Amino acid sequence: MFTSLFLILAQSTSPFGSPLPQTINPSAPMTMSEVRFNECVDLAVDDPPSGIVEANKWRIEGGGFLARHCLGFAYAEQFNWAAATKTFVEAAQEAEIAKYPRVANFWAQAGNAALAGNDPVKALEYLNAALVQGSLIGLEKGEVHLDRARAHVALDDYKAAKAEFVLVHKLAPQDPLAWLLSATLARRMNDLTLAKSDIAVAAKLAADDPAVALEAGNIAYSGGDLVEAKANWEKAIVMDAESRSAKAARAYLEQLATSTIE
């Protein structure tokens, strides 16, 4: 029943987007260069063209890998993923030669940019380079494994992605996006028990997120619970009618209304 709608739901509608740039916030006091880096990144986020000018000016002045890394953020803010990835990789290589203690974060950002630019193979290469440094712990390490999971999904290697999510949930148990994406993956793998369990955790952590409500509806529909599916899709629309998730939910409800139950 509802064959065409089921085919739509076979595709992921979850937000697999790229996280926002992160400034340096180490436990130890920052150097003057790191302070300038944070200021440069703030500018890159608020005004990418000005960020590019500032980062290049700083590079000419000898800003090195920190200036180059800031430049990568400015490109990322413009969704120029090819330039961002190339610049992040160059910054990571320079930081590695300089034995900069946060080089793992540089490789992680390169991997994230490659993933956003639809190059999961390169993303895995750079994310592996981040992990091999051995300096990431907790949430930062969990986010790298989350990006690895996303890369494996993009390569249709669901088994590998599922293994990554196990690590993510141990390292970053409070990340609602991780639970949402693992629920989506479980649904795609026809493991509805796991999908329901994971989306329930996501719903507790992000009760007002329309993407979570949308996926809850998708999972309910896949399990044959049309009442629950409709309720969750309607909830996604109420939460944020202009969101991508609400638009998808509205399309599902419209198709559901015109379908015939066999």
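The model is predicted.

The largest nonpolar core has 44 residues. Within this core, Phe37, Leu66, Ala84, Phe106 and Trp107 touch the most other members. Seven stretches of helix each supply at least two of its residues: α2 (32-46), α3 (48-60), α4 (64-77), α5 (81-97), α6 (103-116), α7 (120-132) and α8 (138-154). The largest share comes from α6, with ten residues. Another core, of 15 residues, lies apart from the largest one. Its members include Leu226, Trp233, Ala246 and Ala248.

Helix α14 spans residues 244-258. The helix has 15 residues and reaches 22 Å from its first C-alpha to its last. That is close to the 21 Å expected at 1.5 Å a residue. The buried residues of α14 are Ser245, Ala246, Ala248, Ala249, Tyr252, Leu253, Gln255 and Leu256. Of these, Ala246 and Ala248 are among the members of the core of 15 residues.

The structure holds one disulfide. The bond joins cysteine 40 to cysteine 70, with an S to S distance of 2.0 Å. The torsion about the S-S bond is about -90°, so the disulfide is left-handed. Cysteine 40 lies in helix α2 and cysteine 70 in helix α4, so the bond ties together parts that are 30 residues apart in sequence. The relative accessible area is 2% for cysteine 40 and 0% for cysteine 70.

Salt bridges number eleven in the structure. One of them joins the side chains of arginine 36 and glutamate 54, at 3.1 Å from N to O. This pair links distant parts of the chain, with arginine 36 in helix α2 and glutamate 54 in helix α3, 18 residues apart. Arginine 36 counts as partly exposed, at 24% relative accessibility. Glutamate 54 is also partly exposed, with a relative accessible area of 21%. A network of salt bridges links Arg36, Glu54, Lys57 and Glu61.

Another salt bridge pairs glutamate 90 with lysine 86. Their closest N and O atoms are 2.6 Å apart. Both residues lie in helix α5, four residues apart, about one turn of the helix. Glutamate 90 is partly exposed, with a relative accessible area of 22%. Lysine 86 is exposed, with a relative accessible area of 52%.

Glutamate 215 forms a salt bridge with arginine 187. Here the closest N and O atoms are 2.6 Å apart. Glutamate 215 is in helix α12 (residues 210-222) and arginine 187 in helix α10, so the pair, 28 residues apart, links distant parts of the chain. Glutamate 215 counts as buried, at 1% relative accessibility. Arginine 68 is found in helix α4. Its relative accessible area is 15%, and the residue is buried. Arginine 68 touches Arg59, Thr87, Glu90, Ala91 and Glu94, not counting residues up to four places away in sequence. Glutamate 90, one of these partners, is the residue that pairs with lysine 86 in a salt bridge.

Glutamine 109 lies in helix α6. Glutamine 109 is buried, with a relative accessible area of 15%. Leaving aside neighbours within four places in sequence, glutamine 109 is in contact with His69, Phe73 and Phe88.

Aspartate 175 lies in the loop between α9 (158-171) and α10 (176-188). Aspartate 175 is buried, with a relative accessible area of 13%. Leaving aside neighbours within four places in sequence, aspartate 175 is in contact with Glu143, Leu146 and Leu205. The C-alpha atoms of aspartate 175 and valine 201 are separated by 9.7 Å. These two residues are 26 residues apart along the chain.

Definitions and conventions:
Residues are numbered from 1 along each chain as its sequence is written. This is a predicted model: local features need pLDDT of at least 70, side-chain atom pairs count only at pLDDT 80 or more; totals for chains, interfaces and linings use all residues. Side-chain values use heavy atoms; hydrogens and water are left out. The expected span of a helix is 1.5 Å times one less than its number of residues. Buried means under 20% relative accessible area, exposed over 50%, partly exposed in between (1.4 Å probe, protein chains only). A nonpolar core is a set of buried Ala, Val, Leu, Ile, Met, Phe, Trp, Tyr and Cys residues joined through side-chain atoms within 4.5 Å. Contact means heavy atoms within 4.5 Å. A disulfide is a pair of cysteine sulfur atoms within 2.5 Å. A salt bridge is a side-chain nitrogen of Lys or Arg within 4 Å of a carboxyl oxygen of Asp or Glu.
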